[in-house]
Every structure is written in structure tokens, then in C-alpha cells.
Amino acid sequence: MRVLSLACLLSTLCGIHEAVVPQNDKRRNDRPIIGILAQELKYPELKRNSYIAASYVKTLEAAGARVVPVMINRPEEEYSQLFHSINGILFPGGAANLLTSGYAKAAHIFYKLALEANSRGDYFPVWGTCLGFEQLLVITSGEKLLCRTNTRGVSLPLDFKQDATQSRLFKDFPPEVMTALATENITVNFHKWSISMENFTKSEELRNFYKILSTNTDGNIEFISTMEAYHFPVYGTQWHPEKNAFEWSRKYYPHTQSAIKTTFYMADFFVNEAKKNSHSFANEEEAVKHLIYNHNPVFSGASGSSFQQMYYFE
Ligand SMILES: *[C@@H]1O[C@H](CO)[C@@H](O)[C@H](O)[C@H]1NC(C)=O
Ligand SMILES: *[C@@H]1O[C@H](CO)[C@@H](O)[C@H](O)[C@H]1NC(C)=O
């Protein structure tokens with residue numbers, strides 16, 4: 001990043017913008033607004049049908065973005081309008097059905113819009129964490145290729161693939177964070193389904209679309225833990241970057257300095273991706289109507305939830 005800024009400065013001084021400054025740096029949007037997809041509550045109540053765990057919101061806010069909740073079960077036109085107002089979208093972890101839920105349906109719509117936009121040169125990043133990662137796999141491959149793994153509650157170091165340090169996602173990470181990620185138990189796995197190396201490799205759709213950046217194993221099955229699309233700003237982690245800094249309900253959630261830096265650098269990466277997008281709401285009043293600040297998080301951890309705080313929606 002620093003090298004690039006210096007290059008920009010030099011090119012400005014020398015008056016040779018076009019040749020040196022990459023496209024994406026010309027109009028950086030420093031007021032990014034990122035959508036986070038809500039999902040069904042397992043036990044809905046009056047005025048509580050869906051939710052977003054606050055840790056995802058805090059993670060993006062900490063890296064300089066504002067957040068808009070993307071509600072489930074809304075008409076496609078509403079999603080399309082929202083798509084053209086926000087600068088990226090995150091599909092969070094959780095437990096919704098990957099084929100039939102409102103979460104799955106909305107994720108399909110945004111994924112399709114994102115691929116179309118990116119193909120037109122309208123850079124729109126998409127992130128999936130855990131369930132969101134699995135959702136990306138299901139959408140891209142058109143089938144459910146997941147298998148059961150014994151990974152429900154363990155923090156692991158990443159087994160980086162050879163060229164992970166050259167990936168868009170990791171290339172600007174400080175070396176000490178990369179070393180920590182490769183050697184310390186700082187990526188939280190909280191899933192019973194995974195995409196095995198075997199099934200990933202067998203699927204032409206997945207193999208051609210995503211580059212594997214890291215894998216892990218539950219002792220028996222090697223599964224993909226981090227990926228980025230080759231030709232699109234689509235990213236996924238089976239693990240949970242947001243939990244290290246913002247969740248406390250499990251003993252194995254790591255809170256060491258390198259664990260917290262991991263939360264931050266993952267968020268910093270995605271927020272900077274969103275800064276390459278120039279969608280906007282019609283005006284600031286419109287944005288204000290949609291921002292998550294219109295909702296108040298509840299201290300759900302106090303009543304036994306694995307999330308410290310949650311936003312509930314009708
Ligand atoms: C591969 O995917 C199928 C579902 O299509 C699943 O039944 C099977 O367990 C998976 N195998 C592995 C090794 O991941
Ligand atoms: C990571 O966790 C495993 C058990 O899950 C343990 O055997 C190992 O010593 C831990 N490694 C570090 C560096 O703490």
C-alpha cells in the first residue's frame with residue numbers, strides 16, 4: 001500500500017497519471033457502505049424473525065466502513081436497488097438452509113448482480129464467512145458438495161498454499177501476521193460442513209472459479225479454509241475472522257495480539273475492496289434511512305447465545 005501511494009504521489013508530481021496509477025486508485029470511495037445479509041432465526045418470536053450477529057458489523061466498522069443490513073425475503077427489485085446503493089456485501093456465518101432459506105435466495109440474487117456488474121467493469125466485492133463461504137460454494141457450483149467434518153469448535157493455524165502470499169487477499173498483510181496465521185491457533189472453526197479438497201478438485205466449476213489460498217484438516221479430511229475467485233472480487237473463509245476481536249462465549253476463541261490483528265487485517269482488506277466501488281444512495285438522507293444505526297443490538301450473550309450482541313429484525 002505504502003509503495004503504491006508513493007508511486008501515486010510521484011506520478012502526480014511528474015504529471016504522468018494515466019500510465020502509472022492503476023484504474024482502481026483513481027476514484028477511491030472513502031465512504032464505503034457495506035451490506036451484511038440477515039438470516040432466519042431458528043426460533044422466531046414476535047418482531048424477531050431474522051438477525052445479524054453484531055461482531056460482523058463491528059469488524060467492518062473498525063476498518064472504516066458503515067453497514068446496511070440486507071433483510072431477507074424482500075422483492076428482487078428492492079435488492080437490485082440496494083445493490084446499486086452499496087459498495088460490497090458480506091454473507092455471514094450462521095445456520096440457514098443453503099438452498100431454500102431467505103438468506104440463500106438473497107445471496108443468489110446479490111451474487112448474480114455482483115458477477116454481472118464486475119463483468120461490466122463495475123467492481124463489486126462479495127465476502128462469505130463460514131455459512132456464507134458454504135453459500136458461495138453452493139451458488140458457484142450449482143450443487144451441494146459439502147461433507148461432514150469434525151470442526152465444530154476448534155482454533156487452527158492455516159495451511160497456506162504455495163502462492164497465498166501473492167494473493168490479492170494476503171499480499172499486503174504484514175509478514176508477522178502471515179507467520180502468526182501459519183503457526184498459531186488463531187482461526188476459529190465453528191462448522192460441521194466443509195468442502196473437501198477431494199470434492200473441490202472434482203468440481204470443474206469450483207476449480208476454475210476459486211483459487212485455494214489455504215486448507216485445514218480435521219485429522220481425516222482436508223478441507224478448503226480460505227479462497228478467492230480468480231477473476232472476480234469474491235472471497236471466502238470457512239473460519240471466522242470476526243470472532244477473535246468481538247466474541248467471547250467460547251474458551252477457544254483466541255484473543256492474543258496476533259489474533260486481533262487477524263480480525264483487523266481481514267476487515268481492512270475487504271473494506272478497501274469496497275472502496276473501489278462507487279455505488280451510492282441517492283443522497284445522505286437515503287443512506288441514513290438504511291444504516292444499521294437505525295437498529296439497536298441486544299446483549300444476547302447474557303442469555304446464552306454464542307453471540308455477544310445481535311441485531312434482531314422483524
Ligand atoms: C462429496 O460430495 C457429496 C455430495 O455431492 C457428498 O455426499 C460426499 O460426502 C462428498 N465427499 C467428500 C469426500 O467430500
Ligand atoms: C493448537 O491446538 C492444538 C490442539 O487443537 C494443540 O495440539 C497445539 O499445541 C496448539 N498449537 C499452538 C501453537 O498453540
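**Close-up 1. Here's the shell around ligand 1 in this predicted model.** Five names to look for: Leu-145, Cys-147, Ser-196, Glu-198 and Asn-199 are the residues around the ligand. By class, the shell splits into 2 nonpolar, 2 polar and 1 charged residue.

**Close-up 2. Now for the open sheet, built from 8 strands.** Read across, the order goes β4-β1-β5-β6-β12-β11-β10-β8, and the pairing is mixed. Which strands stand at the edges? Those are β4 (66-70) and β8 (159-160); each has just a single partner strand, so one side of each is left without a neighbour in the sheet.

**Close-up 3. This one zooms in on β11 and β12, with a helix packed on the sheet.** Strand β11 covers residues 222-229 and β12 covers residues 234-237, and the two pair in the antiparallel sense over 3 bridges. If you want one pair to pick out, take Thr-226, whose bridge partner in β12 is Thr-237. Helix α7 (residues 131-141) packs on the sheet, where it touches β12 along with β5 (89-91) and β6 (126-129). The direction of α7 makes about 120° with that of β6.

**Close-up 4. Last up is the contact between domain 1 and domain 2.** The chain is divided into domain 1 (1-30) and domain 2 (32-313), with their C-alpha centres 30 Å apart. How many residues does each domain put into the contact? Domain 1 gives 6 and domain 2 gives 8. On the domain 1 side, the residues touching domain 2 come out as 1 nonpolar, 2 polar and 3 charged.

Note on methods:
Residues are numbered from 1 along each chain as its sequence is written. Chains are lettered from A and ligands numbered from 1 in the order in which they are written. This is a predicted model: local features need pLDDT of at least 70, side-chain atom pairs count only at pLDDT 80 or more; totals for chains, interfaces and linings use all residues. Two strands pair if DSSP finds at least two bridges between them. Helices (H or I, at least four residues) and strands (E, at least two) are DSSP runs, numbered from the N terminus. Two residues are in contact if their C-beta atoms, placed from the backbone, lie within 7 Å. Axes are lines fitted to C-alpha atoms, for helices over the stretch in contact, and angles run from 0 to 180 degrees between N-to-C directions. Domain bounds come from an automatic or database domain assignment. Ala, Val, Leu, Ile, Met, Phe, Trp, Tyr, Cys and Pro count as nonpolar, Asp, Glu, Lys and Arg as charged, and the others, Gly among them, as polar. A residue is near a molecule or strand if its C-beta atom, placed from the backbone, lies within 6 Å of it.
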